[in-house]
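Please read them with the coordinates open.

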Amino acid sequence: KVAEDIKTYMPSIRNGILIQVSQRTAEQMLNIQGKEELTQAIIAEVSNVMGYDYEDPHAEPEADAKGKKKKKRAVYNPIMGVLFSSFIVQ
């Protein structure tokens, strides 16, 4: 089902990815941290387009009334990662 949905949303997904890539500098794209940030931005963008919840894995957990950090139940999101098959920086 998800594969069929991806085909339906592909124009919006490509547009979102191009916007995310165009916001990065060459310097950002040449280091690992920049690629990891782009990966999370792409996952968030695709999740948003397809209507899935996205939780940033680097975000701090929210604290409850007593100040303790509470674990949230994981949300369903079939988008688990981004694979860069080639990367050309100009």
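1. In this predicted model, Ile42 touches Ile17, Val82 and Phe84 once its neighbours within four places in sequence are set aside. Ile42 is also one of the nine residues of the largest nonpolar core.

2. Helix α3, residues 32-50, makes the greatest contribution, with five residues. As general background, nonpolar side chains in soluble globular proteins tend to be buried together.

3. Leu38 lies in helix α3. Is Leu38 buried or exposed? Its relative accessible area is 0%, and the cut-off for buried is under 20%, so Leu38 counts as buried. Outside the four places in sequence on either side, the contacts of Leu38 are Gln20, Val21, Arg24, Met29, Phe84 and Phe87. For Leu38 and Gln20, the C-alpha to C-alpha distance is 7.1 Å, with a sequence separation of 18 residues.

4. Thr39 is likewise placed in helix α3. With a relative accessible area of 14%, Thr39 is buried. Leaving out neighbours within four places in sequence, Thr39 is in contact with Val82 and Phe84. Val82 and Phe84 are also among the contacts listed for Ile42, and Phe84 is among those of Leu38.

5. Helix α1 has Asp5, Ile13, Gly16 and Gln20 as buried residues. The partner against which the buried residues of α1 pack is α3.

6. Where does α1 bend? The bend is at Tyr9 and amounts to about 65°. A proline, Pro11, follows within four residues.

7. The largest pocket holds about 300 Å³ of space. Its lining has 18 residues, and those closest to the pocket centre are Ile17, Val21, Leu38, Phe84 and Phe87. The elements that supply two or more lining residues are α1 (2-22), α2 (26-29) and α3. With three residues, α1 provides the largest share of the lining.

8. By residue class, the lining of the largest pocket comprises 13 nonpolar residues, four polar and one charged.

Note on methods. Residues numbered from 1 in each chain as written. Predicted model: local features only at pLDDT ≥ 70, side-chain atom pairs only at ≥ 80, totals over all residues. Heavy atoms only, no water. Core = buried A, V, L, I, M, F, W, Y, C linked by side-chain atoms within 4.5 Å. Buried < 20%, exposed > 50% of the residue type's maximum accessible area, 1.4 Å probe, protein only. Contact = heavy atoms within 4.5 Å. 1 Å grid on protein atoms, 1.4 Å probe; cavity = no way out; pocket = protein on both sides within 12 Å on 5 of 7 lines; lining within 4 Å. Points joined across faces, edges and corners; volume = space filled by probe spheres on them. Nonpolar A, V, L, I, M, F, W, Y, C, P; charged D, E, K, R; others polar. Bend = angle between axes of the 7 residues up to and from the residue.
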